[in-house]
Amino acid sequence: MIAARKLAQTQFPSSARSLSVLSAAYEFPHTYVRAKAPAAAKDSQATLENGARIVSREKDTGVVSFKVAVAGGSSTETAAQRGAAKLLAAAAFAGTATESGLKVVRDLEHLGARFSATSDREKIVYDVTVMADRVEPALATILSLVASAPVDSYLIDEEKARAALGYKSRSGCATAALTDAVHEAAYGEATAYGSNGYALNLKKLSVDEVLAYRQAHFVRENLTVVTHGGITGEAVKKIVGVHLSQFPTKGGNKGVTLPAASFVGGEVKIRADLDGKTHLAIAFPSPAGEAGKAYQVLAGVLNARAAAQGICAGAFTHSYHHGGLVGVRASGCVTSASEQLKKVVAELKAIANGAAAETDVVKTQLSLKNALNVEAGNESATAVLLSGVNAADVRGVTSAAVVDAAKAVLKTASPAFAVYGATAGVGSVQKFLA
């Protein structure tokens with residue numbers, strides 16, 4: 001037993017020296033259990049001859065998460081179509097020209113699938129997770145839904161009640177209201193990215209306008225299929241290729257062009273009774289692509305410095321095809337929120353002066369967070385994979401790039417400034433940036 005104890009001390013942590021471990025070490029002194037290293041994910045992208053795009057991440061797993069994304073979202077709606085993307089997402093499973101919504105839903109449920117649909121400023125997304133051996137019929141069902149509107153237009157009109165639930169839950173969210181206000185301040189009122197994508201009055205949204213929007217957007221050239229899990233990119237191309245013949249086409253192998261967005265800056269203050277509380281945000285423009293990664297890390301460094309200083313404020317980002325926003329925000333009574341916002345702006349200025357020591361830790365943490373989102377195959381994964389397979393990794397961002405990003409945002413001639421809640425005594429944006 002003494003020999004076994006000595007052997008265990010050389011091969012096992014001292015905290016794990018139970019009798020069973022000692023016995024195992026004595027009987028099997030050279031036996032080790034090692035975890036099997038997972039196979040590396042295989043990323044692939046392809047554009048079919050008809051313009052549809054396939055983005056795939058193949059992994060050694062029995063589960064597949066796939067998204068069918070229709071480019072456009074609320075940014076490509078006309079004034080008469082405001083709210084069409086949200087309504088089409090609500091009516092995503094209302095059926096096709098040949099099958100009822102009940103049958104479609106039952107088919108997906110019988111496949112053991114989890115499914116939903118969402119929309120934002122740039123896309124409408126059908127989201128499905130299913131076992132790998134059921135992915136072909138599940139994907140075929142979703143493609144049929146995207147290709148064909150419900151047999152009767154009233155089925156879309158009936159979904160206004162469902163969409164209204166989203167409106168109602170959102171109406172009481174101060175964070176959503178502040179986000180809308182800062183976008184309006186950044187891009188201008190009633191512009192593609194300055195508007196929030198929700199109709200002012202959903203009851204006045206004509207089904208004919210919704211169907212016109214659908215006809216223009218739900219075409220094969222405007223389609224991207226994103227898959228993640230136990231299916232190869234070639235297998236996805238084969239499935240999609242078989243079913244794309246049912247899709248209408250706009251010709252030219254080009255999808256809908258997302259509108260450009262010009263950062264204009266300005267102030268938007270919305271007075272609301274929040275028992276004296278207010279929400280403040282200042283936003284600056286950020287670039288797209290590789291250049292935008294430094295701004296993501298900048299936001300992370302700002303959050304890290306604010307937390308270390310006990311500042312009750314933080315940074316945020318919003319990313320789009322044309323670029324996006326990076327900014328700071330704070331909440332509380334007017335006096336408290338103002339003081340906290342000033343403090344986090346002071347941290348931004350410190351970073352611009354070279355205080356970005358947190359960069360290495362933050363970029364590693366952010367890369368891990370992005371990678372986990374991709375591995376989970378969730379909506380964040382869709383956004384990352386649509387941006388390119390390397391978009392999740394920001395470890396190449398240097399401290400100098402973060403400092404330059406901070407300098408650039410502070411040079412913005414007219415930042416976007418948004419206030420939601422109590423507005424008296426807040427002042428102008430220059431009060432916080434001086």
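Predicted model: local features only at pLDDT ≥ 70, side-chain atom pairs only at ≥ 80, totals over all residues.
View 1. Two packed helices are described by the angle between their axes and the distance between the axes. Helix α12 covers residues 334-352 and helix α15 covers residues 399-410, and the two pack at an angle of about 125 degrees with their axes 7 Å apart. The crossing of α12 and α15 is left-handed.

**View 2. Helix α11 against helix α15.** Helix α11, which runs through residues 293-308, has an axis that comes within 9 Å of the axis of α15, and the two cross at roughly 90 degrees. Because angles of 65 to 115 degrees are called roughly perpendicular, α11 is roughly perpendicular to α15. On the α11 side the contacts involve Ala294, Tyr295, Val297, Leu298 and Val301, and these meet Ala401, Val402, Ala405, Ala406, Ala408 and Val409 in α15.

View 3. In soluble globular proteins, nonpolar side chains tend to be buried together. The largest nonpolar core here has 51 residues, of which Phe66, Val68, Tyr126 and Ile142 touch the most other members. Helix α5, made of residues 135-147, gives the most to this core, with eight residues. A second, separate core of 41 residues includes Ala294, Val301, Val334 and Val419.

**View 4. The surroundings of Phe66.** Which residues does Phe66 touch, not counting those up to four places away in sequence? Phe66 touches Tyr126, Asp127, Val128 and Val130, then Val135, Ala138, Leu139 and Ile142, and finally Val226 and Thr227. Two of these partners, Tyr126 and Ile142, are named together with Phe66 among the residues that touch the most other members of the largest nonpolar core.

**View 5. Ala91, a buried loop residue.** Ala91 is placed in the loop between helix α3 (84-90) and helix α4 (101-110). Is Ala91 buried or exposed? Its relative accessibility is 7%, and because buried means under 20%, Ala91 counts as buried. Leaving aside neighbours within four places in sequence, Ala91 is in contact with Ile156 and Glu159. The C-alpha atom of Ala91 is separated by 8.7 Å from that of Asp157, although these two residues are 66 residues apart along the chain.

View 6. Most residues other than glycine have a negative phi. Ala190 is not a glycine, yet it has a positive phi of about 65 degrees, and its place is in the loop between α8 (174-187) and α9 (207-217). Asp275, likewise not a glycine, has a positive phi of about 55 degrees and lies in the loop between strands β7 (266-271) and β8 (277-286). Ala190 has a relative accessible area of 64%, so it is exposed, and Asp275, with a relative accessible area of 77%, is exposed as well.

**View 7. The chain as a whole.** The secondary structure of the chain comes to 16 helices and eleven strands, and buried residues make up 47% of its 434 residues. Among contacts with a separation of 6 or more, 80% are between residues 24 or more positions apart.

How values were computed: Residues numbered from 1 in each chain as written. Heavy atoms only, no water. Core = buried A, V, L, I, M, F, W, Y, C linked by side-chain atoms within 4.5 Å. Buried < 20%, exposed > 50% of the residue type's maximum accessible area, 1.4 Å probe, protein only. Helix = DSSP H or I, 4+ residues; strand = E, 2+ residues; numbered from the N terminus. Contact = heavy atoms within 4.5 Å. Axes fitted to C-alpha atoms, helices over the stretch in contact; angles between N-to-C directions. Left-handed = near helix turned anticlockwise from the far one by under 90°. Parallel < 35°, antiparallel > 145°, perpendicular 65-115°, else oblique.
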